[in-house]
Structure formats: C-alpha cells, structure tokens
Amino acid sequence: MCRKPGVAPRAAALVLALAAACTRDPPLASRPPRPPHSLALRNVRVFDAPRGAVVQELRDVIVRDGRIVDIAPPGRMGKGFPEVDGRGGTLLPGLVDVHTHTGSSPRPPGQVTELPDVEDNLAAFLYAGVTTVLDLGSLTPAVFRERERVATGAHLGPRLYAAGPVFTAPGGHPAEVLRAWLPWYLRWYVVPRATREVATPDEARRAVAALAPEHPDVLKITIDAGALGDVPRLAPETIAAIIAAGHANGLRSIAHIGSSAEAIDALRGGIDALAHAPWREELTDEAVIMIVRAHVPVVVTLAGWDLAGTPRTRESDFLPIEREVARPDVVAALLAPPPPPDPATAAFLRAAAAAHDARRRNVARLQAANVPILAGSDACNPGNFPGAGLHLELAKLVEAGLTPGEALRAATWENARFLAGPTADFGEIAVGKRANLVLVAGDPTARIEELGRIEHVVLDGVDLVRRARR
C-alpha cells in the first residue's frame, strides 16, 4: 500500500472505526432491556475484602437503585425485588484492574492492522467481572471521551479511570515499540496521541499543562532503557518536573520501570506508584528501602512479562475464561509460529524469560516489607486479554506466594483505595457501596481458579447479560 500523508486524521479514524464495527461480534456483556437497578442476591457467602476472607455464613445482599442497602440473614429483606439465588456461591466486589490499555489489542506484535475495538474490550472486562479499570496509556483525547461516555451510560463498560498519553523520552518506550510494530497508516496516527515525548523539564511542564484540561486521573511516566540498555529514557530532572507539575495540578504519577536504578530515579523524583516491580531484574536492597520509606504501592504485573518470555504453545495453556473472551483468530495467531524477531525484540524476549524467577522474588520481598501490592493485568498487550488477563495475573500472584485471599484483596479493596482513597465507594461489599458485584460458583479464596466460574456480574445494580465467544 502506498503512503498517503495527506489523508485527514478524522477521515482515517472514521474508516478504521467503520471497519471494526462491521466485524464486531455480539457483545460479551450487555444490559437487559429496561433493567431494574434493584435486586436481592440470596444465599451467598460474602467475600470480606478488607480481611481477604470469605464469611462462611450465608447472607442475602440487597441492592436498591444501584447501591447495597442491606446484608442480612437469608429471607429477611428484599421482598418483591428481582432475585438471584446464589446457592452458596461466593459474592465478591467487582474486580478492579489498575493497569490496562483499553485502546490496545492482544494480537501478536506486528499483527495489529486497524484501531482496536474499544467497546469490545470494555465488554470483555465486564464479562470477566472487572467493573473498574485504570487505563495507563491510550489514544488521547479519545480515552477521555470514552471515559465520559461510560460515565453517562452512553457506552457500557467498567468505571474508567484514565491517564491518557504516556510521558517518555523522544524515541523512548513505548514510542519505539509503536513505531516498530504498527503499519505506517496507524503509526503516524497513534504515536503522537498515545505518547508525549519530552526532552527537557520545560517541555515536560508544558506537556502536563496542555494535558491538564482533560482532567486525567493520574499521569503515566515510562522510565525503561530496554533489555539492551539502548532505548532513550527520561533524565532524572525531567522525571521530577513531570511529577511536580502533576502534583501542582492535583495529579499523582505512576512510573513504568524496568530496573532498580530506574525505580530509584522515579522515587527520588517523588513518584506516587510503581508499575512492573521491576520487570528485568531483582530489586536491590536500596530500592526496597526507598519504596518502603516513600510509602509507594507497586503494581507488579507478572503475567504480561511471563507471556512475553514463555509464550503459550497450545490452546489448553489458556485459562477457560480467556478462551471465553478471546476471538478464535487471535488465539490461533498467538499459537502460530512467529516470524524470526528483529534483534531488539529478541533481546526483549530473552530478558523477559530470564527474569521470571526474579519477578517472583520481588513480590516476596515487597510483601515481606509490607509494601502495598496492587493488581494490574497490563491488558490489552499481546496475548493479554481484557478482563481475563486480571484472572491470569491473580493466578500468577498466588504462584508468587500470595494467598488467594490476599490476591483478591489486592484486586478489590487495595486497588479501590489506590484509585479513590479510603472513602472509595467500590471494592468492598458493604452498605452504601456501589452494587458492582461478581457471583462465582465455589470459593476462590481456597482455589484462585474458582474465580473464573462466574455466574453473574452486577454493574451498578444491573444484572448483566453475558455471552461467551465459545
């Protein structure tokens, strides 16, 4: 295809959006016609998110107008409400994912040929019981417009918090990956909308000031020199300038880091949270001490790096809930033998594989130091499906040493408090909280795999219709 630099951005975006709409499957999650926002969920065992444990006595949870109004012994309350019989299953708060990319695609690298279907991604989160997400890097201002559409009910999706573009050095991550993996007609459109490439503190301050009117929920900063150490990364003074400008606008910052040295640069700059824990190596003693002293939570994101370092080779390697939300052609593409990688990609894959055990030791060290561990999937990166990716991440956290209850506490109560503070109205089953709920068969605090046995997802009091792809 010949390059046509004169094509208007709006026209190109419209063509891509129409192409996506023409191939859209029936939604994975939808509202029923004229849904009530009140119901009684009966005979359930309630997950106590602050304690990370299931209350064994059966309860009825009563919802009126999208809020929890009572938690009572069976049969006492909610007469006349639509009813769901939980039959002894476990009722959890809606899951919260604090590291997503709702405008990205789980297709293999280099195989994204059109703008991803954001509405389909949002439906997949809901199907998997994820009712709140933090998007840490998507097209801007499109992600803020989508946030508004979801908030007003124009689009169905999880409650959406958004950072907007990723702040990085010129040619830094993820700009270098987007330029390498996307075809030209997406590259020229996506890179300037998904990133803010800043070289100096003054450029950083101007970029934050320009973004502030969109009211991002956080700022996302990338500090990652890559597997070979040859990817440009932000200088410490520029990191500090971004963070300070964010704080001046009432915004916290979260940093993608790949090494302990990069974590230390972020911490010295005043960062509010870390993502990836780091992904390339084991944390140094100095880094752990600084994380503890700064009271900074860490989103460890094990699954995404594991998927890069150890790709799946057969369909049975996918969790059942991944197969339920994934397009069959995407699964087939992920299982197909990939073409020989370029040197940079090969080095990245080797580094991701080599640090597998180090990442698990990082989780153990952070937990031992009482650092808050947050749950984030990093969906929708290659092989990492929206919604189902959080299930995979929780299984990886359990593999790394957390109990299932601790992992679920991270994905509910801890994540909610990170996003909305101690008065968060979600992430917990309690009177007055939003009725964002997930009913599963079995007890996921005994076996984290039980989390995938979802029977009902309730969003703001509405019992959603769920349709698996297969």
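Which residue stands opposite Arg 67 in β5? In this predicted model, the residue opposite Arg 67 is Arg 64. The two strands concerned are β4, covering residues 59-64, and β5, covering residues 67-72. They run antiparallel and are joined by 5 bridges. The hairpin formed by β4 and β5 has 2 residues between the strands. Within this hairpin, Asp 65 adopts a positive phi near 55 degrees.

Helix α10 spans residues 302-309 and is mostly covered, with 8 of its 8 residues buried, that is, under 20% relative accessible area. The buried residues are Leu 302, Ala 303, Gly 304, Trp 305, Asp 306, Leu 307, Ala 308 and Gly 309. The elements that cover them include one strand, β14 (252-257). Also included in the cover are the helices α13 (343-354), α14 (356-368) and α15 (388-399).

Rolling a probe the size of a water molecule over the atoms shows where empty space is left. The structure holds 1 cavity of 30 Å³ or more. The space in the largest cavity amounts to about 30 Å³. Its lining consists of Pro 93, Gly 94, Thr 131, Thr 132, Phe 426, Gly 427, Glu 428, Arg 434 and Asn 436. By residue class, the lining of the largest cavity comprises 5 polar, 2 nonpolar and 2 charged residues.

Note on methods:
Residues are numbered from 1 along each chain as its sequence is written. This is a predicted model: local features need pLDDT of at least 70, side-chain atom pairs count only at pLDDT 80 or more; totals for chains, interfaces and linings use all residues. Side-chain values use heavy atoms; hydrogens and water are left out. Buried means under 20% relative accessible area, exposed over 50%, partly exposed in between (1.4 Å probe, protein chains only). Helices (H or I, at least four residues) and strands (E, at least two) are DSSP runs, numbered from the N terminus. Contact means heavy atoms within 4.5 Å. On a 1 Å grid over the protein atoms alone, a cavity is a set of points where a 1.4 Å probe fits but cannot get out, and a pocket is an open set with protein on both sides within 12 Å along at least five of seven lines; lining residues have an atom within 4 Å of a point. Grid points are joined across faces, edges and corners, and a volume is the space filled by probe spheres set on the points. Ala, Val, Leu, Ile, Met, Phe, Trp, Tyr, Cys and Pro count as nonpolar, Asp, Glu, Lys and Arg as charged, and the others, Gly among them, as polar. Two strands pair if DSSP finds at least two bridges between them.
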